[in-house]
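Hi,

Here is the structure I promised to pass on. Have a look at it first, and then read my notes below.

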Amino acid sequence: MSIEREYTLTCSCGRMFHADLYDSVNVTAEPELRASILARNLNVVECPRCHRQAYVDKPFLYHDMERELLLYIYPAACAPQEAGLRAEISRCVRRIPHQAALQRKKIDVVFGMDRLVALLSAQDAGTPRAERN
Ligand SMILES: [Zn+2]
């Protein structure tokens, strides 16, 4: 299941507004969200005053049940903290009750939408990265 939550954002023009953003994306249940990512429409908001559109670079979970792929998408700016984030994620995963199901999955961290789009494009191109044999 995908999870969408309301966030309060401030545009560079100073206007505050609310927008629904994805915290978690299940592309098996909602394949159109995978298409949104490839089209760079996911978590993109428009300011109601100046109509500036912006991608909100916030962490979210990308879940592809068919490929047994679980990705934590972090802002590209977080890449220098990679070691700490990976440690935090493994701590969180250990607290999840149905761990056995998660252990079968490939869990990884991706920094930035650019890298996620590149990874999904590679899946579509059928490069070895998409295969899990
Ligand atoms: Zn604005």
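**The zinc site**

Along the chain, the donors of the zinc ion are spaced as C-x1-C-x33-C-x2-C. Before going further, please keep in mind that this is a predicted model. The protein donors are the SG atoms of C11, C13, C47 and C50, lying 2.3 Å from the zinc ion. The angles that the four donor atoms subtend around the zinc ion run from 103 to 117°, so the arrangement is tetrahedral.

The site also ties together distant parts of the chain: C11 sits in the loop between strand 1 (3-10) and strand 2, while C47 sits in the loop between strand 3 and strand 4, 36 residues away. C50 belongs to the loop between strand 3 (44-46) and strand 4 (53-55). From C50 to C11 there are 39 residues in sequence, yet the C-alpha to C-alpha distance is 8.6 Å. If you leave out the neighbours within four places in sequence, C50 is in contact with C11 and C13.

Which of these cysteines are buried? C47 counts as buried because its relative accessibility is 1%, and C11 is buried too, with a relative accessible area of 10%. C50, on the other hand, comes out at 34% relative accessibility, so C50 counts as partly exposed. In case you were wondering about disulfides, the count comes to zero, with the cut-off for a pair of cysteine sulfur atoms set at 2.5 Å.

**The fold**

Stepping back, the protein has four helices and seven strands, and the order along the sequence is β-β-α-β-β-β-β-α-α-β-α. Of its 133 residues, 38% are buried. Among contacts with a separation of 6 or more, 53% are between residues 24 or more positions apart.

Strand 1 and strand 2 run antiparallel and are joined by eight bridges. The two strands form a hairpin with five residues between them, and G14 in the turn has a positive phi of about 100°.

In soluble globular proteins, nonpolar side chains tend to be buried together. Here, the largest nonpolar core has 17 residues, and the members that touch the most others are V25, I37, L42, F60, Y62, L71 and L116. Two or more residues each come from strand 2 (16-26), helix 1 (31-38), strand 5 (60-64), strand 6 (69-74) and helix 4 (113-125). Helix 4 gives the largest share of this core, with five residues.

What does L42 touch, if residues up to four places away in sequence are not counted? The list for L42 is Y22, V25, L33, S36, I37, Y55, F60 and M113.

Let me know what you think once you have had it open for a while.

Cheers

Conventions
Residues are numbered from 1 along each chain as its sequence is written. This is a predicted model: local features need pLDDT of at least 70, side-chain atom pairs count only at pLDDT 80 or more; totals for chains, interfaces and linings use all residues. Side-chain values use heavy atoms; hydrogens and water are left out. A nonpolar core is a set of buried Ala, Val, Leu, Ile, Met, Phe, Trp, Tyr and Cys residues joined through side-chain atoms within 4.5 Å. Buried means under 20% relative accessible area, exposed over 50%, partly exposed in between (1.4 Å probe, protein chains only). Contact means heavy atoms within 4.5 Å. Donors are N, O and S atoms within 2.8 Å of the metal (3.2 Å for Na, K and Ca); water is not among the atoms, so sites may look incomplete. Four donors count as tetrahedral if all angles lie between 85 and 135 degrees; four count as square planar and six as octahedral if opposite donors are over 155 degrees apart and all others between 65 and 115; anything else is irregular. Two strands pair if DSSP finds at least two bridges between them.
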